[in-house]
Amino acid sequence: MIGTGILKGMAVTARNFVGSYFEKDRLITVQYPEERNPLPENYRNFPFLPYDGDDPEAGLRCVACKICEKECPPQCIYIVKSEDKKPDYMDKPQFYPKVFNIDISVCMSCQICVEVCPFEAIKMDKVFELSRRERFDALLLRKSDLAKPNEYYHSICPTDAAEVDAKLAEAAAKKKPAAPAAPAAAPPASAA
Amino acid sequence: MTATIQTLEPIERPPTTMGSRLEGELMEVSMGPQHPSTHGVFRMNVALEGEIVRKLKPVFGYLHRNHEKIGENTSYLGSMPYTDRLDYFCSMTNNWAYALSVEKLAGIEVPERAQYLRVILAELTRLQNHASLLGFLLSDMGAWGTPLMYAFREREKILDLFESLSGSRMMCDYMRFGGCRVDAGPDWMERAKKIVDLFPRFIDEMENLVVGNEIVIARTQNVGKLSAELAINAGITGPMLRACGVNYDVRKVDGYGFYPRFKFRIPLGEHGDTYDRLMMRALEMRESVGILKQALEQVPAGPIMNPKVKIRAFRPPVGEAYGRIEAPKGELGFYLISDGGTNPYRYRVRPPSFINLTVLEDLCLGHTVADVMVILGSVDIVMGEVDR
Amino acid sequence: MEPLEQIKARIEAAVPGAKIDIVPNPGPAQQLSLLIDNEHARAVARFLRIDPALRFDFCSNVTGVDWLDRTVKKTVKVKKLVDSEEKEVDETTEEKIPGYLEAVYHLYSMIHKHGPVVIRMRTTDRAQGARLPSLTSIWRSAEFQEREIFDLYGVRFDGHPDLRRILMWDEFVDHPMRKDYREPDDYEYEPTPHDDVLERAKQHCASRPQLDGAEKITDAVKG
């Protein structure tokens with residue numbers, strides 16, 4: 001009979017309408033600025049540079065090897081390598097980035113910089129409220145904006161951060177006995 | 001003209017056989033690119049005789065960004081996130097097609113667990129693509145909102161799964177040459193199982209909304225008929241081809257990934273009209289649910305990356321390879337030529353929805369303007385892929 | 001599917017005068033291709049589609065490739081008489097291959113479910129009006145893809161029903177997928193320029209002093 005198909009469809013709509021009030025696994029609108037869903041641990045947005053200790057300058061793990069700059073598909077990273085060396089968190093003299101800029105208006109959150117970094121120096125952040133009034137300079141994150149303490153990394157990605165810490169501690173333990181033999185070791189940047 | 005106009009005869013003829021009642025010049029109408037039913041920025045120059053389409057020329061390129069040139073200027077790994085932006089509804093299958101081609105090019109083996117994860121994610125992608133397509137198509141037909149919102153509700157659950165695994169809802173960038181980037185934990189598997197178990201309920205609902213609905217039947221049956229011969233000759237692939245009754249599914253034919261290990265059937269249409277194309281999606285979703293259940297049962301433990309593959313400075317040997325998979329929209333292929341460098345010498349995407357549009361004019365001729373949108377909706381295009 | 005050598009032999013038997021070469025593929029994919037001559041291309045394509053054992057009714061992928069002029073160095077071991085003694089000596093020959101444009105077709109059979117067979121056609125040179133025969137009359141799926149090759153590579157397909165630009169706009173002059181295509185100098189300001197973008201940024205901001213890279217250029221643009 002003509003019309004039964006429409007009635008059947010109406011029954012579906014009615015069931016969904018009632019279900020939207022009483023069903024257990026119904027989806028509810030989250031009232032965003034006041035309420036927030038927890039972000040999944042793997043969530044990624046834009047990169048940041050974790051540093052150890054208290055000083056964002058001294059504790060930065062980046063040695064300005066420029067691998068991420070080279071591999072970045074949209075070319076949004078800009079690094080200027082320092083002329084001098086300064087001791088890193090393991091007291092080994094290393095180059096450091098004099099300038100480290102990420103243009104987040106170009107960045108596409110692909111995480112390739114994190115994957116290619118041999119020093120665990122760049123990680124993905126979860127801050128997403130980044131709207132700015134200006135299109136160019138305000139969306140250029142400089143080294144001071146990018147450097148965030150390791151504790152922050154622990155707070156956003158506890159599992160990954162613990163793994164990274166364990167890996168770095170292991171590497172440090174391996175290097176320590178050899179350190180006196182080669183006090184001014186060459187930067188491992190060329191190894192990659 | 002000597003024909004007499006029979007004024008007393010009631011007009012009850014379907015649009016395909018409706019003769020030309022208006023005489024005079026054809027009117028050219030530009031449909032799109034801002035038309036909401038063109039699924040992006042797609043334009044058609046339509047020549048109309050009254051309301052009947054007499055000529056239709058698709059106009060492309062509004063979203064063209066020369067993806068292939070970007071691919072030739074980027075390293076092999078660097079192109080992976082760009083493939084997400086091709087068909088932005090199905091980034092997982094895009095990733096897989098590209099990874100498969102590079103694996104063919106460089107002769108890379110993929111571990112078992114990674115293959116299973118790829119199958120799971122590709123089938124989840126198919127589920128959410130087909131679900132939202134049904135929603136869009138009904139929305140194109142005038143069923144504003146309701147079916148689309150139901151479809152998006154299910155899509156949302158699957159996108160949440162993607163987000164918790166890969167870190168992004170749509171731009172997953174999940175697969176790598178020789179495996180996958182992140183491993184799925186047991187709780188992720190549990191969540192996926194739950195969603196897959198509940199999914200048939202949605203398909204039932206959608207079928208109740210669509211299958212018997214008189215309006216849908218009137219709008220879609222016998223509209224946009226495509227013959228099997230033309231479909232094969234015009235390189236139509238995916239659900240659109242199978243709606244014409246041609247049994248050709250790359251999952252079965254090539255048996256890439258671990259698809260030969262799963263039991264599933266290929267739904268086939270009979271008439272090749274819009275209704276068959278619409279039902280094809282609903283039937284394929286059922287088969288996908290079947291594959292997902294098997295895959296989620298069988299997924300073994302183990303590594304997810306081939307340890308031999310270099311991440312930095314990846315250079316496949318000189319040669320060329322064409323790899324293809326059955327993406328939700330059809331056969332998605334990547335043709336790569338390597339000259340031994342870090343960038344591909346030639347990087348070509350075979351976009352299914354672009355080639356499926358070849359027959360758009362043939363489908364629309366003789367139908368009314370309102371049917372054009374329904375036919376276009378049933379082709380299932382995404383402009384990110386059509387224009388690249 | 002029968003081996004490519006057999007296909008080649010059968011084509012040569014069926015299409016008199018057709019010149020077919022097998023193009024090697026050194027990679028692990030092992031997808032060899034047949035290079036067919038332009039004059040007999042349509043006959044060869046028709047044979048591939050109609051032949052009952054092959055039946056390549058589905059032309060999946062059509063694409064262009066741009067090969068620039070290149071020199072190939074070949075090292076061959078040659079036996080030579082050196083000091084009245086036969087020795088093997090490496091002899092390197094340089095061969096100059098002039099550039100050409102290529103159209104590549106990937107063929108599958110939906111009936112026999114085999115494939116792919118790759119066929120290639122080459123233009124004589126890379127000049128603006130380089131021509132190839134269109135295979136759209138054999139496989140309709142080539143219609144848009146040949147238009148795309150025309151648009152992006154500038155190969156004119158003889159016999160194509162509707163050869164217009166497809167992705168670029170009609171007034172566009174160059175062919176952007178050619179390897180020697182030069183982008184127009186429409187530099188858009190970017191806060192983090194590097195490499196060639198930095199070079200261009202420097203040119204565009206040449207009158208301002210540059211001290212150290214991005215930030216100074218930023219300042220310069222801001223004035």
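**Interface of chains C and B**

In contact (heavy atoms within 4.5 Å) are 46 residues of chain C and 48 residues of chain B. This is a predicted model: local features need pLDDT of at least 70, side-chain atom pairs count only at pLDDT 80 or more, and totals for chains, interfaces and linings use all residues. Residues are numbered from 1 along each chain as its sequence is written, and side-chain values use heavy atoms, without hydrogens and water.

Student: What area do chain C and chain B bury between them?
Tutor: Buried area is the accessible area (1.4 Å probe) lost on being put together, summed over both parts. Carbon and sulfur atoms carry 55% of it here. The total is about 3800 Å².

Student: How many salt bridges does the rule find across this interface?
Tutor: The rule asks for a side-chain nitrogen of Lys or Arg within 4 Å of a carboxyl oxygen of Asp or Glu. C:Lys179 and B:Glu72 form one, with the closest N and O atoms 3.1 Å apart. Across the interface of chain C and chain B the count is five.

Student: Which element gives the largest share of the side of chain C that touches chain B?
Tutor: Elements are DSSP runs: helices (H or I) of at least four residues, strands (E) of at least two. Strand E6 (100–109) and helix H3 (142–153) of chain C are among those supplying at least two residues. The largest share, nine residues, comes from E3(C).

Student: Over which residues of chain B does pLDDT stay under 50?
Tutor: pLDDT is the predictor's confidence in each residue, from 0 to 100. The mean for chain B is 85. Where pLDDT is low, the predicted coordinates should not be read in detail. In chain B the stretch under 50 is residues 1–22.

Note on methods
Chains are lettered from A and ligands numbered from 1 in the order in which they are written. Buried area is the accessible area (1.4 Å probe) that two parts lose on being put together, summed over both.
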